[in-house]
Amino acid sequence: MTSVSDLQKLLPAVLVWLMTLKSCLSQPQVNATTMSYPDYENIVDYGDFPVLCVKESNRQFRRWFIPTFYSIICVLGLAGNLLVIVTSFYFKRLKTMTDVYLLNLSFADLLFALSLPFWAANSMTKWILGLELCKAMHTVYKVSFYSSMFLLSSISVDRYFAIAKAVSAHRHRSQAMFVSKVSSGVIWLMALIFSIPEMKYTTVRNDTCTPYASNADQLRVAIQASQIALAFALPLMVMTVCYSSIVQTLCQTRNFERNKAIKVILAVVTVFLVSQMPYNLVLFWTTIVTAKGGTDDCNYENNLLYASDVTQCVAFLRCCLNPFVYAFIGVKFRHDLLKLLKDWGCMSQERFFRYTCGRRRSSGATDTETTTTFSP
């Protein structure tokens with residue numbers, strides 16, 4: 001039996017144990033569901049992390065808009081430029097500088113039209129055709145683009161000398177063909193040189209064929225600025241000076257073909273401005289935004305993409321409009337085209353004579369070499 005002295009020794013230890021147990025029971029229970037964690041949302045500054053701009057609406061728009069317009073431009077561009085090329089070789093119509101420039105212009109626009117299906121594929125889905133074809137697509141586009149703009153300028157210069165400086169042009173008539181062939185070769189060489197950045201920097205990034213690393217890429221600023229200066233501002237200045245002088249010269253004559261020739265010139269300038277001006281304005285503003293490091297406004301960036309896509313499609317219309325504005329609007333090319341259709345069995349003999357003999361003018365102005373482009 002336990003003695004009284006043993007109980008007296010055990011009692012203090014029991015009291016200490018009971019007091020410890022009471023202290024533990026009085027504290028709140030902590031488990032996985034009630035455990036409190038630090039408020040990291042108030043500690044981490046999410047402003048330091050970049051916010052991605054969602055461009056899904058623009059991608060959806062490009063998937064149907066660009067392929068549709070590119071297909072139309074491609075078909076019309078191939079048909080119109082092939083007709084100019086076939087007509088020129090079939091009738092051997094390379095007798096003036098303008099004839100040579102128009103033939104080279106048709107080749108440039110034809111080359112550009114052939115690249116449009118690849119551009120449409122690049123806008124619809126991921127680029128799966130490899131790096132070599134990616135570089136080739138951008139290079140072909142830039143070579144054809146620069147050569148086309150330079151050839152349009154050369155045509156305006158040739159028309160200026162043929163009409164405003166007719167006496168001196170006739171004096172150097174024997175050298176004209178040699179000069180036109182050499183200048184055409186120089187134009188293609190210059191276009192190739194100006195396309196070197198596309199050959200070098202174009203690559204496949206994020207499953208897209210592009211020469212630019214990002215919207216804030218300074219390389220993009222240099223390429224776009226040079227394109228605006230060389231392929232728009234310079235041709236526009238040359239065409240404005242030449243065609244203004246031509247119109248002044250025509251206004252001083254009393255030829256009954258004068259008014260129609262002036263209308264053709266106005267049509268040439270109008271087509272160039274309507275097709276190229278909107279795109280180059282958007283390209284100019286995009287270049288400024290890129291030079292400043294891009295924009296943080298996602299809505300603003302998406303609007304720029306929409307504007308760029310729409311105006312670029314309008315600018316690409318040049319490859320299918322050039323044959324009609326510069327070639328078939330003239331008497332000589334129009335007559336040759338009708339004769340070609342007759343020889344191929346696409347037009348009857350009676351209809352051919354109705355369209356040609358009934359509309360031909362007795363004036364020598366319609367058949368002279370100096371009015372190749374501007375004859376009605």
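Among the contacts in the protein with a separation of 6 or more, 81% are accounted for by residues 24 or more positions apart. This description rests on a predicted model, in which the protein has 14 helices and 2 strands. Of its 376 residues, 39% count as buried, and the accessible surface comes to about 21400 Å², with 66% of that area belonging to carbon and sulfur atoms.

## How the helices pack

Two packed helices are described by the angle between their axes and the distance between the axes.

| Helix pair | Axis distance | Crossing angle |
|---|---|---|
| Helix 5 and helix 12 | within 12 Å | roughly 20 degrees |
| Helix 9 and helix 10 | 10 Å | about 160 degrees |
| Helix 10 and helix 11 | within 8 Å | roughly 150 degrees |

The axes of helix 10, which covers residues 258-291, and helix 11, which covers residues 298-316, cross at roughly 150 degrees, and that makes helix 10 roughly antiparallel to helix 11. The crossing of these two helices is left-handed. On the side of helix 10, the contact is made by Val274, Ser275, Gln276, Pro278, Tyr279, Val282, Trp285, Thr286 and Val289, while helix 11 contributes Tyr300, Leu304, Ala307, Ser308, Thr311, Gln312, Val314 and Ala315. Sorted by class, the contact of helix 10 with helix 11 has 11 nonpolar and 6 polar residues, and no charged residues.

Helix 10 also packs with helix 9, at an angle of about 160 degrees. Angles over 145 degrees count as roughly antiparallel, and helix 9 and helix 10 are therefore roughly antiparallel to each other. Their crossing is left-handed, and by class the contact of helix 9 with helix 10 has 24 nonpolar, 8 polar and 2 charged residues.

How are helix 5 and helix 12 oriented towards each other, roughly parallel or roughly antiparallel? The axes of helix 5, residues 131-164, and helix 12, residues 318-327, cross at roughly 20 degrees; angles under 35 degrees count as roughly parallel, and these two helices are therefore roughly parallel to each other. Helix 5 passes helix 12 in a left-handed crossing. The residues that make this contact are Phe145, Ser148, Met149, Leu152 and Ile155 of helix 5, together with Arg318, Asn322 and Tyr326 of helix 12. By class, the contact of helix 5 with helix 12 has 5 nonpolar, 2 polar and 1 charged residues.

Which residues does Gln227 touch, not counting residues up to four places away in sequence? With those set aside, Gln227 touches Tyr141, Lys142, Phe145, Tyr146, Phe232, Tyr279 and Leu283. Of these residues, Phe145 also takes part in the contact of helix 5 with helix 12, and Tyr279 takes part in the contact of helix 10 with helix 11.

## The strands and the loops beside them

Strand 1 spans 203-205 and strand 2 spans 208-210, and Asn206 is found in the loop between them. Asp207 has its place in the loop between strand 1 and strand 2 as well. Most residues other than glycine have a negative phi. Phi of Asn206, however, is near 55 degrees, a positive value, and phi of Asp207 is near 65 degrees, also a positive value. Asn206 counts as exposed, at 75% relative accessibility, whereas Asp207 is partly exposed, with a relative accessible area of 39%.

Thr210 is found in strand 2, and at 16% relative accessibility Thr210 counts as buried. Leaving aside its neighbours within four places in sequence, Thr210 is in contact with Cys134, His138, Tyr201, Thr202, Thr203 and Arg205.

Asp217 is found in the loop between strand 2 and helix 9, a helix that covers 218-251. At 16% relative accessibility, Asp217 counts as buried. Not counting residues up to four places away in sequence, Asp217 touches Pro211, Tyr212 and Thr290. The C-alpha atoms of Asp217 and Ala291 are separated by 8.0 Å, although these residues are 74 residues apart along the chain.

Definitions and conventions:
Residues numbered from 1 in each chain as written. Predicted model: local features only at pLDDT ≥ 70, side-chain atom pairs only at ≥ 80, totals over all residues. Heavy atoms only, no water. Axes fitted to C-alpha atoms, helices over the stretch in contact; angles between N-to-C directions. Helix = DSSP H or I, 4+ residues; strand = E, 2+ residues; numbered from the N terminus. Parallel < 35°, antiparallel > 145°, perpendicular 65-115°, else oblique. Left-handed = near helix turned anticlockwise from the far one by under 90°. Contact = heavy atoms within 4.5 Å. Nonpolar A, V, L, I, M, F, W, Y, C, P; charged D, E, K, R; others polar. Buried < 20%, exposed > 50% of the residue type's maximum accessible area, 1.4 Å probe, protein only. Areas by Shrake-Rupley, 256 points an atom, 1.4 Å probe, with all protein chains shown as cover.
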